[in-house]
Amino acid sequence: MIQCGKNFGRWSGSTCTISYMYTWDSGVYWCESREGPISNMVNLTVTGGSVILQSPVLPVMEGDDVTLLCKTKTTPSNLPAAFYKDGSLIRKQPTGHMTIQHVSRSDEGLYKCDISGHGESPSSWITVTGRPATTAPPTSAPSPSTSRPLHFDFTLLRYLLVFCPYLISTLLVASLHRQRATGNNPPTSDHPSS
C-alpha cells in the first residue's frame, strides 16, 4: 500500500493529484479519514492508448441517468463514437457521449467505447445499486382524515382505561367514607325529650 504524497502524487487538503500516470499506476485506489472509515475502492486502469471512456467510478442508484463520454487525449472530445456493453454494440453516437436514462440492474456491466481511427478505450465496470427502502414512496399512504380518528380513538381509549378505574375507586372510597360518617352519629331530633 502506497500513500499519496510519499512516493506518488501531490497531497492538497482532501485531494491527491497525480500529474503523470503510467501503466504501472494501474490498481485499486481509495481514501480514508483519520476516524477510520474508508471510501469505496476504485479500480483504475492506465493504458497506453489514446481513447478514454469517462464513466461513474462509484455505484449509481437505480432510476438515475448515467452519461458516458468517449474522448481522445489529443483531439476534441466530440468525435463520433460507438459504445459497447459486455462486448455487444449498444449504439453509435455522433457527439461522443451517450446517456442511459433511468438505469436499472440490467444496465450493470462492462462498458467500453471506440472512436474510428483512434482505437477503443479500456473497459469500465458500472455498478447499479437499489434505492434505500426509506426513500421509496409508500404504496398507499393513509389520508389525514382517516389517520386522525384512529389516533384519537386510541388516545381516548387509553385515557378511559386509566381514568375510569381511578374515578370508580375514588367514588367508592368517598361513598364508604360518607356511610361510615353518617352511621356513627345518631340522628338528632328537634323535639325536646320528655
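Leaving aside neighbours within four places in sequence, D86 is in contact with E108, G109 and L110, contact meaning heavy atoms within 4.5 Å. D86 lies in the loop between β8 and β9 (88-93), where strands (E, at least two residues) and helices (H or I, at least four) are DSSP runs numbered from the N terminus. With a relative accessible area of 47%, D86 is partly exposed; buried means under 20% relative accessible area, exposed over 50%, and partly exposed in between (1.4 Å probe, protein chains only). The C-alpha atoms of D86 and K112 are separated by 8.3 Å, although these residues are 26 apart along the chain.

The model is a predicted one, in which local features need pLDDT of at least 70 and side-chain atom pairs count only at pLDDT 80 or more, while totals for chains, interfaces and linings use all residues. Residues are numbered from 1 along each chain as its sequence is written, and side-chain values use heavy atoms, with hydrogens and water left out.

The chain contains 1 helix and 14 strands. Of its 194 residues, 15% count as buried. The accessible surface of the chain comes to about 15100 Å², of which carbon and sulfur atoms hold 58%; the areas come from the Shrake-Rupley method with a 1.4 Å probe, and for residues only the protein chains shown count as cover. Among contacts in the chain with a separation of 6 or more, 46% are accounted for by residues 24 or more positions apart.

Strand β11 (residues 109-115) pairs with strand β8 (residues 81-85) in the antiparallel sense over 4 bridges, two strands being paired if DSSP finds at least two bridges between them. Within this pairing, the partner of K85 in β11 is Y111. Strand β13 (residues 124-126) is also joined to β11, by 3 bridges and in antiparallel fashion, and here Y111 has S124 as its bridge partner. A further antiparallel pairing, over 2 bridges, links β11 to strand β12 (residues 119-120), with D114 bridged to E120. The hairpin of β11 and β12 has 3 residues between the strands, and G117 takes a positive phi near 90 degrees in this hairpin.

Side-chain ring interactions were also examined. The charged end of K112 sits over the ring of Y84, 5.8 Å from its centre; the criterion is NZ of Lys or CZ of Arg within 6 Å of the ring centre and within 35 degrees of the ring normal. A search of the whole structure finds 0 aromatic pairs.

An open sheet of 3 strands has the order β5-β7-β10, with antiparallel pairing. Its edge strands are β5 (51-54) and β10 (97-100), each of which pairs on one side only. From one strand to the next the twist averages 15 degrees, based on axes that are lines fitted to C-alpha atoms and on angles that run from 0 to 180 degrees between N-to-C directions. Strand β7 (residues 66-72) is joined to β10 by 4 bridges, and the two run antiparallel. T67 has T99 as its bridge partner in β10.

S55 lies in the loop between β5 and β6 (60-61). At 19% relative accessibility, S55 counts as buried. Not counting residues up to four places away in sequence, S55 touches L68, S124 and I126.

Definitions and conventions
Rings of Phe, Tyr and Trp (its six-membered ring) pair if their centres lie within 6.5 Å; planes under 30 degrees apart count as stacked, over 60 as edge-to-face and the rest as tilted.
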